[in-house]
Every structure is written in structure tokens, then in C-alpha cells.
Amino acid sequence: MAIIHRTWEPVRNARPAAIEREVNARLVRTAAPRSRSFLTLRLALILAALLASSQFQRPLHAQSQSLATQDAAQPDNDKPVPIFTGSAGYITDFTGGSPDLHPIASGVLLIPIGDRWLIESRDSFEVDMVQEPGRSGFHGLLQKEVDYAQADFIANPYLTITVGRFLTPFGIYNERLYPVWIRNLQSDPLILPIGIGPSNASTGAMFRGGFSASQSVTVNYAVYFSALSKVTPVDSERTAGGRAGLFFPKLRLEVGGSFQHRLQDERSNLFGAHAIWQPNSLPLDVRAEVARSREGSGYWIEPAYRLSQLPFLRDEMRRTQIVARVQQFWVGPSANDALPAVNSQVFEAGVNYYFMDGLKGSFNYGRQFSSQGNVNVWTMAATYRFVLPFERGGNQQ
Amino acid sequence: MNKRRILVALSALSLASAVFAANQETKQAPAIAAAAQEQQPTADADAPEPATPPAPANAKPTPRSIEAAERIEGEKRFRTNCGRCHQAPHKFPPRTMATVIRHMRVRSMITDEDQRLILRYMTQ
């Protein structure tokens, strides 16, 4: 597709002006019905979802008669309150000997409305400070980002409708593991930019949910449509896609796949797969992702082990986690500035220490291998997570 | 044409999921009831000197046994669902936790029943 597009451009530019105008007019005439038809389809999709929600509408907690009775008797003191939560981190890394200071703060605003609505937003502020030649100290520009600003409607136990700007559900890292207080290693995986859009988010509508297919399998899904937006910092691409996962509670294993079709530029397809496994007998997390696109392909595997089973210094050991990540990336035929320019391999290993809930210190070492040169990367970080309820009662136990 | 096919396929997928899920709903309630049934003798055995003899196996679950079963089930579901991304549980006040759990329901796509049981576990 890209080759056709590139060879077609000079021919179009060589047309006489009159022909060009006629071609443009035809394009406008043919584009209008297509966009109307597309709009109709989108409206039909939303109507279908609303119809489905009304079809299965029931009290959200009424899973059974006995439980519904118990819920009715439940006191009113667990109604959700608006809260402001977020995280802050100070990350220092030395890549090939050059230091890089990276303070970051993210605020998450959660406003529940009634039983079914949730307004949520996350904004990030970060600075990438480096030493510049001829100047003393570290310098960098403050980067502001609206990570997401979305309205969620819990239509029924199996369907949540989201509109607005949302984190693109391609793979698991962007949606679940991205915040600095959650991630095990502070560096991003090499393949993270694949499928998540220009600023990690999409603008449009999404249908998602999770339900138990049987006692041993839980299904989760997300399908979305994103519109093109070139407004910084809420830019996004025109895409449609989805992700589905199967979770086996007895095995504590989740496997899933992602798909995205770009509705612009090369109109290419992107594929991804993910897995998370936590064996029952070990305090071990194993996470992995694979992504494939025209811009590049790759994978990462990240095991993390809590030392809580060691028979000495129990209090310290249960707070300590060792983690490693192996990843590879292969460059594709199309360019993407956010991805490595050459084939790369990275190995990282480190340790996390949880001083208390929400406060974590991290230290890790990594080695990057690529044709541009092999470098060592040392990273130190301190991250903190906070929660502030807005209403009185949010602090009462 | 491709766009239309994709959107039709995605909408069909979401509707099929919802229909399939609705059919499964009735199968969930007996699971908790069965857990409560199993839990009842255990919960009574926690008391140092039971005032009454243990309930027969076919007795109806009491609110206490249901609560105990749900607490155990809630802890289990916390470990299996939340533990995929988060570390050891931190308990917030109930109203704050209700918001956090609703947020996590949307974010991590836990089921409605998971949300209810985890909220109960995290606020007890």
C-alpha cells in the first residue's frame, strides 16, 4: 500500500490544474456519501450498544436474589465519592554515561455519578532534563499531556461504553502498567509506541467489559473507534480496533490479542498478543507482549519475583522484588520516530523496594545492543502514589 | 467497504459477547451459594465453643456464612484480578474504595461480580 501511495503522488502532482480541480471535485463528491455512510454506521453501532444495554439492564449488584437482598440491607456509607489520585516520580538514568533527570507527576481525577457513570481524567506533567553543551546544569522543557479524559457508562454487567479520549487498548502496557508506581521497570518497552497512537491515546468511542464465561474462564474485551485529531496535546489517529483476553483464574493466567486497522495513511493492520501469568505456588509475575506492524515488530518478557519466601530478614524480603526484562525490536519498512531506528535488543535487571504502600524505590541496570553501538543504562527512581478524597466521608473508615 | 465490514464485525462481536454473557449470568449465583454452604461449618468452627450444633449439610446459608464466604471469595478475586498489576492490598475508606474499584472495573475489565466481591473484601 505504501509503495502505491508513494508512486502515485508525483503523477498527481504532474496533472494540469484543470484536471486536478476536476479530480478534487470528484473526490469530494465521492467522499461525502462515504463519510455519511460511515457516520450512519457509527450511529448504528452506538444505538445497537444502547439497545443491548437496555435489553440486559438490571441493578448492577443484583447477581442473585440472596445477594440482592443483602445489598439492599447494606448501609449507605460505601457510595463512591469523587477522588483525586495520582503519582509522582523522580527518575534518573545514565545512558552511555550521560545523565538524564526525569521528574514526572500525574494526576487522576475520578468523579462517579450515580450508579453507572464515571468521569475520569489523567494529566501528566514531565520534564526530560539533560546537560547541554556549553551550559551548566540540566535543562529541559515541561511536557503536558492529557492522557485520557473520558466518560464511562456502565450499561450492564457486561458492557461499559466509553466516550472521549481514552488510552488505546492495544496490548496491556499502555492501559494497565504505564503509571510509574505500577510498572516494575521504569523504562518503556521498545514496542510500546506500536498501536497506541501519537500520544498513547485515542479519541472516540469504546465498548468494553468483562464477564465469566464459565467457572474457569473470564473473558474481557474492548472494541473502539478513534477519530483523527491534530490538536496538541489531544492528538490521535483515525483507527478502529479491539482487544480480547481470556483469563483462567485457577491457573492465574491471562492471554489475549489485539488488533488495529488504521483508517488513514497506509491503512495498515497492526497485531499484538499479551500474556500475564502468576503461578499459584510462587510470588512471581511474568508479563509478556508481542506486537507486529509495518513500523516494526518486537516482543518483551518481564518476570518479577517477590523475595517473600526467603527464610531470613522476612520483613525486608517481602518488600523486595527482583525483576528482569528481555526485549527485541526489528525495524519495519515504514518509519516511526517513537520507535528505535535500528534493530535493537535490550536486557534489563533490577530491584524494587516497597517502603510502604505507594512508595517505591527502584534501581536497575540495562544493556542495549544495536548497530548504533552498545550502551549501558543505569536507572534509579523513587515513585509515590497518593489518593485524596474530595468529600467528607471518603476519609472515614 | 472494509471499514463497514470492520465496524459490523466489531459491533457483532460486542453484541454477541453481551448475549453470551447474559446466558451465563444465571450460572454465577449458585457458585456463591455453594461457597456459602461450604463455608458455613468452617465459619461456625471459628468460634471457641459453638453454642449450637453444626448445621446440617443441606441447611440454608445464613447471612454470616454468606459474608464469610464472600470475604474469602473477595480476597481470592483480589489476588487473581488486581494482583496481575498491583502489589499487596492497601485498604482505603469504603467510599474512596468504591470509586477506586469502579475505576478499576472500567480499566481492567473485571466482572460485575468481581467488583462487588473485591469491594466488600477491601472495605471489611
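What share of the contacts in chain B with a separation of 6 or more do residues 24 or more positions apart account for? The share is 70%, two residues being in contact if their C-beta atoms, placed from the backbone, lie within 7 Å. The model is predicted: local features need pLDDT of at least 70, side-chain atom pairs count only at pLDDT 80 or more, and totals for chains, interfaces and linings use all residues. Residues are numbered from 1 along each chain as its sequence is written, with chains lettered from A and ligands numbered from 1 in the order in which they are written.

**View 1. The largest nonpolar core.** This core (buried Ala, Val, Leu, Ile, Met, Phe, Trp, Tyr and Cys residues joined through C-beta atoms within 7 Å) has 20 residues. A residue is buried if 20 or more other C-beta atoms lie within 10 Å of its own. Strands β6 (142–156), β7 (159–167), β8 (201–214) and β9 (217–226) of chain A each supply at least two core residues, and β9(A) gives the most, six. Strands (E, at least two residues) and helices (H or I, at least four) are DSSP runs, numbered from the N terminus.

**View 2. Helix α2 of chain B.** Chain B has four helices and zero strands. Among the buried residues of α2(B) are B:I66, B:E70, B:G74 and B:F78.

Definitions and conventions. Buried ≥ 20, exposed ≤ 12 C-beta atoms within 10 Å, placed from the backbone.
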